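Dear colleague,

I am handing over to you the structure shown below. The notes that follow it set out what was found, and I would be grateful if you would read them alongside the model.

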Amino acid sequence: MSRVAVDIKSYLNRIGYPECDEVRPDIETLGRVQLAHACTVPFENIDVILKKPIALDIASVQQKLVTSRRGGYCFEQNMLIIEVLKHIGFDVQALSARVRVGRTRDFTPPRTHLFARVNLEGVPWLVDVGVGGMTPTAPLRMDISDPQTTLHDTRRIIHGEDANNLPRWFHQVLLDDVWHDIYDFTGEEMPMIDREVGNWWTSTNPESKFRQSIMAALAVPDGSRHSLSTHQYVRRSAGNVLEKIEIKTSEQMVSILADRFGIDLPKTTVFGIEGL
């Protein structure tokens with residue numbers, strides 16, 4: 001793996017962090033970086049759909065997400081922010097999780113999600129900029145189970161058991177007064193070799209959801225979110241649909257990706273999925 005250092009100046013410029021502001025390893029900086037990242041670097045799986053390899057060395061990730069101003073999925077997004085936070089001076093660990101969005105606890109999904117734990121003055125914080133339309137836009141305390149209100153929604157981290165009675169933590173979101181699992185985790189770190197294996201499975205296995213549909217998501221500073229799933233684009237705020245567009249052609253898809261998510265693709269792009 002490349003040992004190229006993260007280009008912190010280019011990254012902060014990419015997310016719109018003011019150059020005149022200090023970047024210190026404190027909770028204010030952590031919150032501002034996470035929110036700015038979630039609102040400027042889109043979650044997307046376009047390269048997976050186009051069957052392009054997903055490289056995880058920091059030089060390749062920076063080239064794609066920062067220089068080329070594209071987006072990516074959890075391995076790319078959280079790889080980048082983990083390196084950025086380490087550069088700033090935070091104490092960061094890369095953790096693994098099983099995504100549970102839309103799944104019951106009697107189903108065991110693959111452990112293919114990467115997120116970060118940041119230890120700050122004795123308090124562990126969950127930082128994640130790569131879980132699609134469920135990406136939290138603020139750091140979440142991991143040492144309490146109380147609801148935590150963010151700009152976009154309400155979250156909590158609770159301790160419980162999976163279907164096999166094994167202890168887990170569950171990252172949850174409150175939707176329509178009901179708590180929904182986003183993912184579960186044990187606190188186990190995810191070393192680079194496990195990230196490589198997870199990334200390979202996620203981006204190449206025909207059973208992976210990332211190979212089966214076109215996805216994009218981006219938070220907006222006003223509290224709304226853009227989301228796209230193959231034939232439909234939606235903008236929501238507090239559960240209310242603000243805009244909905246049915247996508248029928250690849251040309252329309254390219255236009256929406258550019259206008260709503262800042263993802264610039266050649267106009268001739270053909271996605272090769274569900275008629276697009």
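In strand β11, R225 is the bridge partner of A219. The model is a predicted one, and this pair belongs to the five bridges that join strand β10 (residues 215-219) to β11 in the antiparallel sense. Both strands are part of an open sheet of five strands, ordered β1-β10-β11-β12-β13 with antiparallel pairing. At its edges are β1 (43-44) and β13, each of which pairs on one side only.

Helix α7 packs on this sheet, where it touches β10, β11, β12 and β13. The direction of α7 makes about 160° with that of β11.

Strand β11 (residues 224-229) also pairs with strand β12 (residues 232-237), again antiparallel, over six bridges. R225 has R236 as its bridge partner in β12. The hairpin of β11 and β12 has two residues between the strands, and T230 takes a positive phi near 50° there.

Strand β12 continues the pairing with strand β13 (residues 240-246), antiparallel and over six bridges. Here the bridge partner of Y233 is I245 in β13. These two strands likewise form a hairpin with two residues between them, and A238 in the turn has a positive phi of about 50°.

E243 has its place in strand β13. With a relative accessible area of 28%, E243 is partly exposed. Leaving out residues up to four places away in sequence, E243 touches Y233, V234, R235 and R260. The side chains of E243 and R260 are joined by a polar contact of 2.5 Å. As for Y233, its C-alpha atom is separated from that of E243 by 8.0 Å, the two residues being ten apart along the chain.

S250 is found in helix α7, which spans residues 250-261. Is S250 buried or exposed? Its relative accessibility is 11%, and the cut-off for buried is under 20%, so S250 counts as buried. The side chain of S250 makes a polar contact of 3.4 Å with the side chain of E251. Apart from neighbours within four places in sequence, S250 is in contact with T269, F271 and L276.

A second open sheet has eight strands in the order β5-β4-β3-β2-β9-β8-β7-β6, with antiparallel pairing. Its edge strands are β5 (140-141) and β6 (148-149), and each pairs on one side only. Within the sheet, strand β2 (residues 91-99) and strand β9 (residues 178-185) pair in the antiparallel sense over two bridges. R98 has D184 of β9 as its bridge partner.

Helix α5 lies across β2, β3 (113-120) and β4 (123-127). The helix runs at about 20° to β3.

**Helices α4 and α5**

How do helix α4 and helix α5 cross, and at what angle? The axes of α4 (residues 58-67) and α5 (residues 74-88) come within 10 Å and cross at roughly 105°. Angles of 65 to 115 degrees count as roughly perpendicular, and α4 and α5 are therefore roughly perpendicular to each other. On the α4 side the contact is made by I58, V61, Q62, K64, L65 and V66, and on the α5 side by E76, Q77, M79, L80 and E83. By type, the residues of this contact divide into six nonpolar, two polar and three charged.

**H37 in helix α2**

H37 lies in helix α2 (residues 27-38). Its relative accessible area is 0%, and H37 is buried. Not counting residues up to four places away in sequence, H37 touches Y11, I15, Q77, L80, I81 and V129. Of these, Q77 and L80 are also among the α5 residues that meet α4. The C-alpha atoms of H37 and T137 are 8.5 Å apart in space, although the two residues are 100 apart in sequence.

With kind regards

Terms used. Residues are numbered from 1 along each chain as its sequence is written. This is a predicted model: local features need pLDDT of at least 70, side-chain atom pairs count only at pLDDT 80 or more; totals for chains, interfaces and linings use all residues. Side-chain values use heavy atoms; hydrogens and water are left out. Helices (H or I, at least four residues) and strands (E, at least two) are DSSP runs, numbered from the N terminus. Buried means under 20% relative accessible area, exposed over 50%, partly exposed in between (1.4 Å probe, protein chains only). A polar contact is a pair of N or O atoms within 3.5 Å; within protein, one must be able to donate a hydrogen and the other to accept it, and residues adjacent in sequence count only if both atoms are side-chain atoms. Contact means heavy atoms within 4.5 Å. Axes are lines fitted to C-alpha atoms, for helices over the stretch in contact, and angles run from 0 to 180 degrees between N-to-C directions. Angles under 35 degrees count as roughly parallel, over 145 as roughly antiparallel, 65 to 115 as roughly perpendicular and the rest as oblique. Ala, Val, Leu, Ile, Met, Phe, Trp, Tyr, Cys and Pro count as nonpolar, Asp, Glu, Lys and Arg as charged, and the others, Gly among them, as polar. Two strands pair if DSSP finds at least two bridges between them.
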